[in-house]
Amino acid sequence: MHLQPVLALLVVQLMFGALPVASKFVLAYAHPFFVVVLRSLFAAVFFFVLHKIFSGAERRSAALQQRADALEGGSISQRLPLSVHARILLLAFFGITFNQMALFIALPQTTAAVASIISPSIALFTLLFSVLLGRESFRTSSLFSIVLGGVGVLLVINPFTQTLPAVGASGAAWADSLNVLSAASYAFYLALVGQLPTRVGGLRFSLLFFVYGCLLNVLVMLLFAQATNIGLLERPESLLLSADPALLPASFWYGLGFLLLGATALTYFLNTWALQRVKPSLVGGFVCLQTLFGLFLSQSILSEPITLPMILGSVLIMGGVVVLTIQHFRDSRRTLATDRVSA
């Protein structure tokens, strides 16, 4: 495995680790659904521009891939079959809509540190789903890495959640549950996506992924608005912004800019690129790094406390990532050695 995918994953986790912190400044004035719709819309436009610029090179790359491989019984032509569109729509639901809706609803009711702490559960869910889908075999070393990360998460969360009286016990509980569901949803996307971006074309896949995600997000937002209109749900102060845009502080605009460009367009681009070169469980394992980045940023920017259990838990989580990475390198070397012998 080359170093570039690892570096890409590191950048992705740094951006995702900063996401809860930046979101705090944005969600203070914007409804969670509105932020999710903005993110998916911006990413759709971003990948549309990239696809238009690099579509020629991507078509040539896809043509070479089509000759070497097939997708579920047949190669993908320039005109994607309906089944591929349906699969991308399903991926958009788990990778964007459910994942982001749950996360941004939860963030105002918990801390950025807690959100960062829960994120490593993506590694566990990704491996579990990958095994259930038959994409990866379950190894003892993988189990060990997940146990290390899981113990680290429990060590951090148990004492830390007792220091959240301002959030409210019931609010924090359901918010943390939504964070876990968000992690599971994103993990299912990682396990399910497979080599589809490679065969469709990375930019083409990302464009369709966010177009469908944006449409789903708008649909959810409209359904929510309708439910509030007829009294089924409590009507929020605003489904858009709670203040005049001219009166919003600079921190809101900086945070929103980071969410749109850094934590959405750039991260999904790099993550999709890395997914074409490494196993999904390795991508899930790198998510553990969000804890380290997230705790540092939440303490330095939001002044949220960092306790000794948090530090010890982060060390265990990093240990799990190292075990998973070592196993991945061993598998890559074994595969390379086998290919050389076969040749």
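# Close-up views of a helical protein

**View 1. Thr264 and its contacts.** Setting aside residues within four places in sequence, Thr264 is in contact with Arg39, Ala43, Phe210 and Leu259, where contact means heavy atoms within 4.5 Å. This is a predicted model, in which local features need pLDDT of at least 70 and side-chain atom pairs pLDDT 80 or more, while totals for chains, interfaces and linings use all residues. Residues are numbered from 1 along each chain as its sequence is written, and side-chain values use heavy atoms, leaving out hydrogens and water. Look for Thr264 in helix α10, which spans residues 250-275; helices are DSSP runs of H or I with at least four residues, strands are E runs of at least two, and both are numbered from the N terminus. The side chains of Thr264 and Arg39 are joined by a polar contact of 2.5 Å (N or O atoms within 3.5 Å, one able to donate a hydrogen and the other to accept it; neighbours in sequence count only through side-chain atoms on both sides). Thr264 counts as buried because its relative accessibility is 1% (buried is under 20%, exposed over 50%, partly exposed in between, with a 1.4 Å probe and protein chains only).

**View 2. The whole protein, for orientation.** Zooming out, you will find 13 helices and zero strands. Of the 343 residues in the protein, 51% are buried. Among contacts with a separation of 6 or more, 88% join residues 24 or more positions apart. The protein exposes about 16100 Å², and carbon and sulfur atoms supply 69% of that area (Shrake-Rupley method, 1.4 Å probe).

View 3. A cavity here is a set of points on a 1 Å grid over the protein atoms alone where a 1.4 Å probe fits but cannot get out, and lining residues have an atom within 4 Å of a point. The lining of the largest cavity comprises 18 residues, with Asn99, Leu103, Ser119, Ile122 and Gln290 lying nearest the centre. Two or more lining residues come from each of α1 (3-27), α3 (82-106), α4 (112-118) and α7 (169-193). Helix α7 gives the largest share, four residues.

**View 4. Ser116 in helix α4.** Ser116 sits in helix α4. Its relative accessibility is 2%, so Ser116 counts as buried. Leaving out residues up to four places away in sequence, Ser116 touches Gly17, Pro20, Gln290, Thr291, Gly294 and Leu295.

**View 5. Leu289 in helix α12.** Helix α12 covers residues 289-302 and includes Leu289. Leu289 is buried because its relative accessible area is 6%. In sequence, Leu289 and Gln13 are 276 residues apart, yet their C-alpha atoms are 6.1 Å apart in space. Beyond residues up to four places away in sequence, Leu289 touches Leu10, Gln13 and Met318.

View 6. Ser303 belongs to the loop between α12 and α13 (308-342). Ser303 has a positive phi of about 60°, although it is not a glycine. Most residues other than glycine have a negative phi. With a relative accessible area of 60%, Ser303 is exposed.

Terms used:
On a 1 Å grid over the protein atoms alone, a cavity is a set of points where a 1.4 Å probe fits but cannot get out, and a pocket is an open set with protein on both sides within 12 Å along at least five of seven lines; lining residues have an atom within 4 Å of a point.
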